[in-house]
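Trainee: I am new to this structure. Can we go through its pockets and helix contacts one by one?

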Amino acid sequence: MDLREELLSNQDLKYKEFSEKLIPGSQNIIGVRTPVLRTISKSIAKSEGITFLDTFIPEFHEEKLVYGFVITYTKMDIDEKIRYLKKYIPYIDNWALCDQISINLKDSEKEPFWNFVCDCLQQPGEYEKRFGVVNLMKFLDDEHINLVLEKLETAEHEGYYLKMGVAWAVSVAFVKYPERTMDFLKDCKLDDFTYNKSLQKITESFRVSKDTKEIIRTMKR
């Protein structure tokens, strides 16, 4: 059974309808649940891995997800992984293809990956930049926090999903480094929409105290 046949055999039409509403702008959704996609991807990574990544050209939404998941599950060094991620990024045309693969990426060699993420932020496309922004959250540590906030401030694009990605990252930075991120918010150059969405996401966090949320609400532009 080839990949598309396997995906079609696992099609859930109710989930397809749900996904089409959840992911605006997505193309060619079959309707396969993520746990099934992960199982399929792990099997491909184990049996084919690099061969699959070198030869398969995804067309459907779930095929793109499988391609990305196989990158994360296949054993390879960081430079090779980055090479395949660069091949994957042009397939990203919605937030789910960006975020699900980003969350699945776990790399211990931080410096090459940091450089790759910074390069994504310099690219012109909305989802290239969002991929960079989402992966910046892997670097919310003592060494990188100031650099991360600087990168978030300069990640500019008129696209809604880039702005929401920045707001998400700022809110996570606030949870981990509240004082440093508060200083950033008091003097940052984020556009008003992204800034206010950042505040909103902070107030929605269960890890921020009620008193702090009250202060954050007074900071709205």
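Trainee: How much space lies in the largest pocket?

Mentor: Keep in mind that this is a predicted model. The volume is the space filled by probe spheres. For the largest pocket, that space is about 250 Å³.

Trainee: Which residues are the closest to the centre of the largest pocket?

Mentor: The lining of the largest pocket has 13 residues. Five names stand out by their place at the centre: Met164, Trp168, Ser171, Lys201 and Glu204.

Trainee: Which element gives the most to the lining of the largest pocket?

Mentor: Two elements give two or more residues each: helix H11 (160-176) and helix H13 (192-204). By class, the lining holds 7 nonpolar, 2 polar and 4 charged residues. The top giver supplies 7 residues, and that is H11.

Trainee: Which residues line the second largest pocket?

Mentor: About 160 Å³ of space lies in this pocket. A lining residue has an atom within 4 Å of a pocket point. Those residues are Phe193, Asn196, Lys197, Leu199, Gln200, Thr203, Ile216, Arg217 and Lys220.

Trainee: Which element gives the most to the lining of the second largest pocket?

Mentor: H13 and helix H14 (210-217) each give two or more residues to the second largest pocket. Its lining divides into 3 nonpolar, 3 polar and 3 charged residues. With 6 residues, the main giver is H13.

Trainee: Which residues of H5 and H6 make the contact?

Mentor: By class, the contact of H5 with H6 has 5 nonpolar, 2 polar and 3 charged residues. From H5 come Lys64, Tyr67, Gly68, Ile71 and Thr72. H6 brings Lys81, Tyr84, Leu85, Lys87 and Tyr88.

Trainee: What is the handedness of the crossing of H3 and H5?

Mentor: On the H3 side, the contact has Thr34, Leu37, Arg38, Ser41, Lys42, Ile44 and Ala45. They meet Glu62, Leu65, Val66, Phe69, Val70 and Tyr73 in H5. The classes are 8 nonpolar, 2 polar and 3 charged. The crossing of H3 and H5 is right-handed.

Trainee: Are H10 and H12 roughly parallel or antiparallel?

Mentor: The axes of helix H10 (residues 145-154) and helix H12 (residues 178-187) lie 11 Å apart. The two pack at an angle of about 30 degrees. Angles under 35 degrees count as roughly parallel. H10 and H12 are therefore roughly parallel.

Trainee: Which residues in H10 and H12 meet?

Mentor: The crossing of H10 and H12 is right-handed. In this contact, 3 residues are nonpolar, 2 polar and 3 charged. H10 brings Ile145, Asn146, Leu149 and Glu153. From H12 come Arg180, Thr181, Phe184 and Asp187.

Methods: Residues numbered from 1 in each chain as written. Predicted model: local features only at pLDDT ≥ 70, side-chain atom pairs only at ≥ 80, totals over all residues. Heavy atoms only, no water. Contact = heavy atoms within 4.5 Å. Helix = DSSP H or I, 4+ residues; strand = E, 2+ residues; numbered from the N terminus. Nonpolar A, V, L, I, M, F, W, Y, C, P; charged D, E, K, R; others polar. Left-handed = near helix turned anticlockwise from the far one by under 90°. 1 Å grid on protein atoms, 1.4 Å probe; cavity = no way out; pocket = protein on both sides within 12 Å on 5 of 7 lines; lining within 4 Å. Axes fitted to C-alpha atoms, helices over the stretch in contact; angles between N-to-C directions. Parallel < 35°, antiparallel > 145°, perpendicular 65-115°, else oblique.
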